[in-house]
Amino acid sequence: MYQMAFTFRRPRLSKQQRRALIVGLLFISPAIIGFFVFNIGPIVQSLQYSFTRYNILQPPRWVGLNNYKFLIESDRVFRIGISNTLYMVLIGLPIHLVFNMLMALLLNTRIKGLSLYRSIFYIPSITPVVASTIVWLWIFNGQFGILNEFLKFVGLPPIGWLTDPKWVKPSLIFMGAWFGGNTILIYLASLQDVPYDLLESAELDGANAIQKTFRITLPMISPVIFYTIIVNVIGYFQYFTEAWVMTATRDGSAGGVANSAMFYSMYLYQTAFQQFKMGYASAQAWILFMIVLIATVFLFKTAGWVYYHAED
């Protein structure tokens with residue numbers, strides 16, 4: 001038996017190729033330097049701070065794993081923040097994604113005035129989130145909000161949308177459907193890329209609209225659905241702006257009645273920039289990073305339903 005040794009040699013670059021490589025590296029060097037200085041540096045520093053007690057005014061003092069131990073064992077608000085955040089990820093996110101998909105399917109039909117309808121659904125996503133949230137704050141107002149006025153009109157009692165702990169998170173989920181324009185646009189683009197001959201063949205075989213949707217359309221755009229799930233899961237674990245604006249008080253606190261809208265990122269922000277417990281907040285940030293990492297890995301491990309169509 002003979003053993004064959006294969007030697008792999010990196011191809012030598014010509015003088016012109018080396019010059020092009022150097023020029024390219026010079027052009028992207030500001031981004032590379034900025035990434036290491038403004039991203040990698042703070043990330044490593046925050047890991048170090050997570051093992052210390054640090055309030056900016058005094059030098060960091062090493063406390064080991066005490067920050068993590070207190071967070072997991074004793075911090076009640078920390079547990080509330082995780083619970084509220086998981087509520088948005090496990091309940092709010094699926095509702096929003098299903099709603100966005102239904103809207104994309106409707107906007108993919110051939111009806112008169114389709115361009116106008118597509119614009120109406122997309123415009124909210126380009127308006128400032130804070131401004132839109134303030135509008136919804138008036139809509140949810142318990143005394144003279146539009147929703148409660150409508151409930152009174154149909155003979156139903158008013159609801160404390162932002163004052164009743166049972167209704168705060170459902171109100172945020174209801175409002176979140178308003179900001180789905182980007183996801184609807186992504187779904188709409190993927191729907192228009194579904195091969196028409198497959199839909200036509202299924203129709204000739206007697207398939208109805210529902211069968212075509214679940215047997216052809218959704219499997220064909222499953223990579224796009226998987227992408228939106230990953231991106232939105234990461235985003236919903238950092239849910240912040242809408243809840244902060246909706247529940248902020250004059251003294252600078254937020255979180256709603258009985259911390260019913262205290263999400264993880266909100267508590268992290270309060271710990272770091274209102275209480276100036278930078279070491280404790282760094283530990284919270286790293287726990288959040290680990291939670292998001294585990295969730296992302298889990299989604300990739302369970303992505304067997306995603307169908308990647310190989311084009312010839």
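Guide: Helices (H or I, at least four residues) and strands (E, at least two) are DSSP runs, numbered from the N terminus. This is a predicted model, where local features need pLDDT of at least 70, side-chain atom pairs count only at pLDDT 80 or more, and totals for chains, interfaces and linings use all residues. Residues are numbered from 1 along each chain as its sequence is written, and side-chain values use heavy atoms, with hydrogens and water left out.

Visitor: How many helices and strands does the protein chain have?
Guide: Count the runs along the protein chain. The total is 14 helices and two strands.

Visitor: Where is isoleucine 56, and what is its phi?
Guide: Look at strand S1 (52-53) and strand S2 (61-62); isoleucine 56 is in the loop between them. Isoleucine 56 is a residue other than glycine, yet its phi is positive, near 75°.

Visitor: Is isoleucine 56 buried, exposed or partly exposed?
Guide: Buried means under 20% relative accessible area, exposed over 50%, and partly exposed in between (1.4 Å probe, protein chains only). Isoleucine 56 has 43% relative accessibility, so it counts as partly exposed.

Visitor: Which loop holds asparagine 259, and is the residue buried or exposed?
Guide: Asparagine 259 lies in the loop between H12 and H13. Its phi is also positive, near 55°. Its relative accessible area is 19%, so asparagine 259 is buried.

Visitor: How many residues of helix H13 are buried?
Guide: H13 covers residues 264-273 and is mostly covered. Among its buried residues are Tyr264, Met266, Leu268 and Ala272. Of the 10 residues in H13, the number buried is eight.

Visitor: Which helices do the buried residues of H13 pack against?
Guide: Packing here rests on contact, meaning heavy atoms within 4.5 Å. The partners of these buried residues are H3, helix H12 (241-247) and helix H14 (278-301).

Visitor: At what angle do helix H3 and helix H11 cross?
Guide: Two packed helices are described by the angle between their axes and the distance between the axes. Axes are lines fitted to C-alpha atoms, for helices over the stretch in contact, and angles run from 0 to 180 degrees between N-to-C directions. The axes of H3 (residues 76-107) and H11 (residues 222-236) come within 10 Å and cross at roughly 145°.

Visitor: How do the residues of the contact of H3 with H11 divide into nonpolar, polar and charged?
Guide: The contact includes Met88 and Leu93 of H3, and Ile229 and Tyr236 of H11. Ala, Val, Leu, Ile, Met, Phe, Trp, Tyr, Cys and Pro count as nonpolar, Asp, Glu, Lys and Arg as charged, and the others, Gly among them, as polar. The contact residues come out as nine nonpolar, five polar and no charged.

Visitor: What is the relative accessible area of methionine 175?
Guide: Methionine 175 sits in helix H7 (residues 165-176). Leaving aside neighbours within four places in sequence, its contacts include Trp136, Phe140 and Tyr239. Methionine 175 is buried, with a relative accessible area of 0%.

Visitor: How far apart in space are isoleucine 43 and lysine 169?
Guide: Isoleucine 43 lies in helix H1 (residues 15-49). In sequence, isoleucine 43 and lysine 169 are 126 residues apart. From C-alpha to C-alpha, the gap is 31 Å.

Visitor: What radius of gyration does the protein chain have?
Guide: The radius is taken over C-alpha atoms, and the globule rule is 2.2 Å times the number of residues to the power 0.38. A compact globule of 312 residues would come near 20 Å. The protein chain has 25 Å.
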